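Please read these points with the coordinates open.

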Amino acid sequence: MSKKQKWVFISVVCVILALLLVGIFLTGSGGEEESIQQVMKDAVLHEDNKVSFLGLKDVNPAYISSCVVVGVLLLIAALIRIFAIPRFKYVPGKFQLLIEELVGMFDGMAKSNSPHRNKFLGGYIFAAAAYIFVGTIFELFGLQVVTTDGISIALPAPLSDINGAIAIGCFSYLVILSGGIASNGFKGVGKTLKDFSLPISMSFRLFGALLSGLLVTELVYYYTALSFVLPVIVGVLFTLLHALIQSYVLTMLTALFYGEVSERAEEKPGKKPKKLKAAKHSGTPQAAA
């Protein structure tokens, strides 16, 4: 790029920024129909904006999001299994290499944290990570639905609803419990129930992280003066960051605790019997071995 082209590029950028600033000052920040407190409350509790589910029941928009995400993931998995995997070659192509790297990463995570019964664990943490990642970036697509009040809203991330976060946290805890039962029976149950606060911490950690990004994005979009350029940066960065971090955190915690409770208890060596006092039998002292 020549010096003249650089100056032209800088001039264009400056003009665009100047126009954005003029637009911000001209539009102001008023005109919102709801208070910021009401917007934040509805983003957390979903009390007002309900969506009809197949005409049977009014549900939170996040539930519709979860159904869409699960359906998309199952469809992609079926297409890969039917059309892609039978065509895999000894020398992998780009798509095959991507799939093998993903599978190998979660399989290695399962084997390193749980030497026993890690095949099921690898499959579960792969599925959980895919659901959390895709479900988190799902809100970036901005799919619109109409609420029961006739208002058009964008579907949020499935895990921005506390019920969705609790569901995946409790399900991960049940997977950990199944590993303990399969390896150690009743002792495995005791080892798992010892950490009874685990599903609560996993659920609220996931919910809190995703909710913080949602609230920041709602706050930015609420004020007109902040709704130029900034929402794109904040929304995309927060969403991608949370998608990567929370996928890794939940899968790593599940693998660690699963490996801990599924570790087979070593048999303790038999204790030597205590020496008995010498007993007299027919006048001959004897000592128990």
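1. Helix 3 (residues 61-84) packs against helix 5 (residues 119-137) at about 125°, and their axes lie 10 Å apart. Axes are lines fitted to C-alpha atoms over the stretch in contact, with angles from 0 to 180 degrees between N-to-C directions. On the helix 3 side the contact (heavy atoms within 4.5 Å) is made by S66, V69, V70 and L73, and on the helix 5 side by A130, Y131, V134 and G135.

2. This is a predicted model, in which local features need pLDDT of at least 70 and side-chain atom pairs count only at pLDDT 80 or more, while totals for chains, interfaces and linings use all residues. Residues are numbered from 1 along each chain as its sequence is written, and side-chain values use heavy atoms, leaving out hydrogens and water.

3. The protein has 9 helices and 6 strands (DSSP runs of H or I, at least four residues, and of E, at least two, numbered from the N terminus). Of contacts between residues at least 6 apart in sequence, 68% join residues at least 24 apart.

4. Of the 289 residues, 33% are buried (under 20% relative accessible area; exposed is over 50%, partly exposed in between, with a 1.4 Å probe and protein chains only). The accessible surface is about 18,800 Å², and 69% of this belongs to carbon and sulfur atoms (Shrake-Rupley method, 1.4 Å probe).

5. There are 0 disulfides (cysteine sulfur pairs within 2.5 Å). C67 is partly exposed at 36% relative accessible area, and C170 is partly exposed at 35%.
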